[in-house]
Amino acid sequence: MPVAVITGAAQGIGRRTAETLAELGYSLALSDLKPATETLAAVHKFGAEAVEHVGDISDEDVVTRFAASVKGRWGRADVLVNNAGISFIAPAETITAADFRRVLDVNLVAPFLLAKVFSEMMLKQKAGSIVNVASIAGLVGVADRSAYNASKHGLVGLTRTLAAEWGGCGVRCNAVCPGWVKTDMDDSAQASGLYTDADIINRVPMGRFASPDDIARAIAFLADPKQSGFINGHTLTVDGGWTADGSWESLRLSHR
């Protein structure tokens, strides 16, 4: 069985990705800041072998121990899904350096650390797929999210660089760039009154939020060498047409 490593696996996109890959026959190493109890229960229903590792992936020692535990159990890693991330919404002029660095540590430095340690196994295998969960905020600017946008733009750049470095050794690296997804992160932002469902739905040509399942299936596609074996260094945008659409709102809504 192939082995997939998923960060941010306790909820949202990470949990749905774990369920999707479990159904496809992967063994799973799940990581999060909190126990992924519900995710473990869900993937076990598919008969998947799965373990969890609780810890802060921006800490290099935590990441090193995580990789060692995966290697000790399975001796290999076939897929790494760098999904864990945090948001920080505030006007740029109000953000402290410490807050800015924390977002970069989780959203950009941690994926680098994970790619570094798990690539050791992949490069020896001459095979592997790294899927970084970036964002449309890694392709365009979104106001009041300077730290988040910077981290996701950086993650897209890291994706392309690792694809260039490791592709010749059989290790592919791609990114998925979701639009707005209905997750706990979105619920928290809406609870703070930052935007409404209508704000997002009216902006998306397809007229809805993305679902965790939309993103999980894109990740599964990029993970599978049979389906995407010659795709490397790509940013797969899963946004319902958001970044493709230059229409104004009344024009967009007139086509529904």
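Which residues do ring pairs link into a cluster? In this predicted model, the cluster consists of Trp180, Tyr195 and Trp242.

A search of the whole structure turns up three aromatic pairs. Take phenylalanine 66 and phenylalanine 118: their ring centres are 5.5 Å apart and the planes meet at 80°, so this pair is edge-to-face. The pair links distant parts of the chain, with phenylalanine 66 sitting in helix 3 (residues 60-74) and phenylalanine 118 in helix 4 (residues 97-125), 52 residues apart. Both phenylalanine 66 and phenylalanine 118 are buried.

Tryptophan 180 belongs to the loop between strand 6 (171-178) and helix 6 (184-191), and tyrosine 195 to the loop between helix 6 and helix 7 (197-201), so the pair ties together parts 15 residues apart in sequence. With the cut-off for buried set at under 20% relative accessible area, tryptophan 180 qualifies at 17%, and tyrosine 195 is buried at 12%.

Rings also turn up under charges. The charged end of arginine 73 sits over the ring of tryptophan 74, 5.3 Å from its centre, while lysine 182 lies over the face of phenylalanine 209, at 4.5 Å from the ring centre.

Then there is helix 2 (residues 37-44), where Thr39, Leu40, Ala42 and Val43 are buried. Looking down the axis of helix 2, these buried residues fall within an arc of 165°, so they line one face of the helix. They pack against helix 1 (12-23), strand 2 (27-32) and strand 3 (50-54), whereas Thr37 and Glu38, on the other side of helix 2, are exposed.

How values were computed: Residues are numbered from 1 along each chain as its sequence is written. This is a predicted model: local features need pLDDT of at least 70, side-chain atom pairs count only at pLDDT 80 or more; totals for chains, interfaces and linings use all residues. Side-chain values use heavy atoms; hydrogens and water are left out. Buried means under 20% relative accessible area, exposed over 50%, partly exposed in between (1.4 Å probe, protein chains only). Helices (H or I, at least four residues) and strands (E, at least two) are DSSP runs, numbered from the N terminus. The arc is that of the directions from the helix axis to the C-beta atoms. Contact means heavy atoms within 4.5 Å. Rings of Phe, Tyr and Trp (its six-membered ring) pair if their centres lie within 6.5 Å; planes under 30 degrees apart count as stacked, over 60 as edge-to-face and the rest as tilted. A charge sits over a ring if NZ of Lys or CZ of Arg is within 6 Å of the ring centre and within 35 degrees of the ring normal.
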